[in-house]
2 protein chains.
Amino acid sequence: MIQLIGLTEIPEINEGHNISEVIVAALARQEIVLDQTDVLVIAQKIVSKSEGRLVNLQEILPSEKAIQLAKKSGHSPQHMEVILREATNVLRCENGVVITRTRHGFICANSGVDSSNVPGGSTVCLLPIDPDLSAKKISLGITLSTNVNLPVIICDTFGRPWRNGAINLAIGSWGINPLRDYRGELDSEGISLKSTQIAVVDELACAAELIMNKLDRVPAVLVRGYINKDRSGCIRESMLRKEGEDLFL
Amino acid sequence: MIQLIGLTEIPEINEGHNISEVIVAALARQEIVLDQTDVLVIAQKIVSKSEGRLVNLQEILPSEKAIQLAKKSGHSPQHMEVILREATNVLRCENGVVITRTRHGFICANSGVDSSNVPGGSTVCLLPIDPDLSAKKISLGITLSTNVNLPVIICDTFGRPWRNGAINLAIGSWGINPLRDYRGELDSEGISLKSTQIAVVDELACAAELIMNKLDRVPAVLVRGYINKDRSGCIRESMLRKEGEDLFL
């Protein structure tokens, strides 16, 4: 059995807050003692806020390109400018939707820049600069306090091609192999599985979102009981396809 | 808290088996009493087997198109023929990968036709003809025995563009709204959320896969504690984008 436990008593996070300490305090308040089957899934928004990844749009001077794309996207020129600064290229900009490749390599709407649950009417929140490194720092900080190696996944909601609705996906990870590789293992009929790799970090992120919700202020979820012995790898190494390897770009 | 409970004592399923009865028996053996917060996630493979959706490739005469595409895909001409019969069109066929749109409207590898965990070396398994209807029948059958309205999701693993690794997604559902719609609700700053719909059935399918695994013979998972009051809708109505509405086709 796996349990999904929301960490419910996390205060509003501002720049400079130490997320490891915040998590350890929340665990203590809920009287949760970590064990070796725990994985922590944490919402990108509080990580970004702690890292000061907020931009006041009133201070942004939009480029000519941003002004042009703003008309197609429905965003303000200032918001579009921030989206462009976070992107290496714009893949689609039509029907009020902007899809970019971010500097990390994620393909997503608006370079992951958004304004929900962000204080100040003209402020937007950017993704962490290096989400794998953010996850590593949070994990090591928690280990320092608890002596438990806690794998950490940082997540955000992504839309998908072909299907309605967004789902939660991993944007950074530490202490867990993002992929569970079944190649070469035998199925129930003794046949070797050929090509099955499962993106378990994305599935863990999805599971956590069922508890996080958008409105309930549960920015971190402990997944308890998921057995994963392979702790190597991170999102940047394992999860992102290189350009030229994708059939839908 | 949400719990993910694997149903571990499900026998090998063959054509004509009643999945509702199999599930009810498995619940009884594990001494699980259903409650109103339960959602059942069930692997496509056992549903397809119960519906006789198996094809012996030795009995398939491949078309000229199948013979041609087989060379590009690495599949046998017979396997390719079955993939084509399940598809309305082929979107990509290169690098040993075939991506089709199935008759249901799913965009996936090999029209969902596969040979893992299927008896007989030359037999492949197809998706159910109408997975929403399959989910409805299983749900209603369980209600008949238990008097509990149990939402049912049928799932399969799908690859994605842009990201390595497959994840579990819902291909059919009954008794649960596939989308959780936040539009118009207020975030922590009192700002109305603009465009956020979450594909909760896909997240539930992902959560279940963490227990199902590919090799452990756990083809059904009970998700307990997920509060979802909106029981309307199904995958075909809610989840599939129409042609022309997608930026990546």
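**Aromatic and charge–ring contacts in the predicted model**

**View 1. Both A:F106 and A:F158 are buried.** Buried denotes under 20% relative accessible area, with over 50% exposed and the range between partly exposed (1.4 Å probe, protein chains only). The structure is a predicted model, in which local features need pLDDT of at least 70 and side-chain atom pairs pLDDT 80 or more, whereas totals for chains, interfaces and linings use all residues. Residues are numbered from 1 along each chain as its sequence is written, chains are lettered from A and ligands numbered from 1 in written order, and side-chain values use heavy atoms, without hydrogens and water.

Four aromatic pairs are counted over all chains (Phe, Tyr or six-membered Trp rings with centres within 6.5 Å; planes under 30 degrees apart are stacked, over 60 edge-to-face, the rest tilted). One of them is the edge-to-face pair of A:F106 and A:F158, at 6.2 Å centre to centre and 85° between the planes. A:F106 lies in the loop between β5 (97–102) and β6 (107–109) of chain A and A:F158 in strand β8 (residues 152–158) of chain A, so the pair ties together parts 52 residues apart in sequence (strands are DSSP runs of E, at least two residues; helices of H or I, at least four; numbered from the N terminus).

**View 2. B:W162 and B:F248 form an edge-to-face pair, with centres 4.8 Å apart and planes at 75°.** The pair links distant parts of chain B, 86 residues apart: B:W162 in the loop between β8 (152–158) and β9 (167–174), and B:F248 in the segment after α7 (235–238). B:W162 is buried, at 11% relative accessible area; B:F248 is buried, at 6%.

**View 3. The charged end of A:R163 sits over the ring of B:F158.** It lies 5.8 Å from the ring centre (criterion: NZ of Lys or CZ of Arg within 6 Å of the centre and within 35 degrees of the ring normal).

**View 4. The charged end of A:R180 sits over the ring of A:Y182, 4.1 Å from its centre.**
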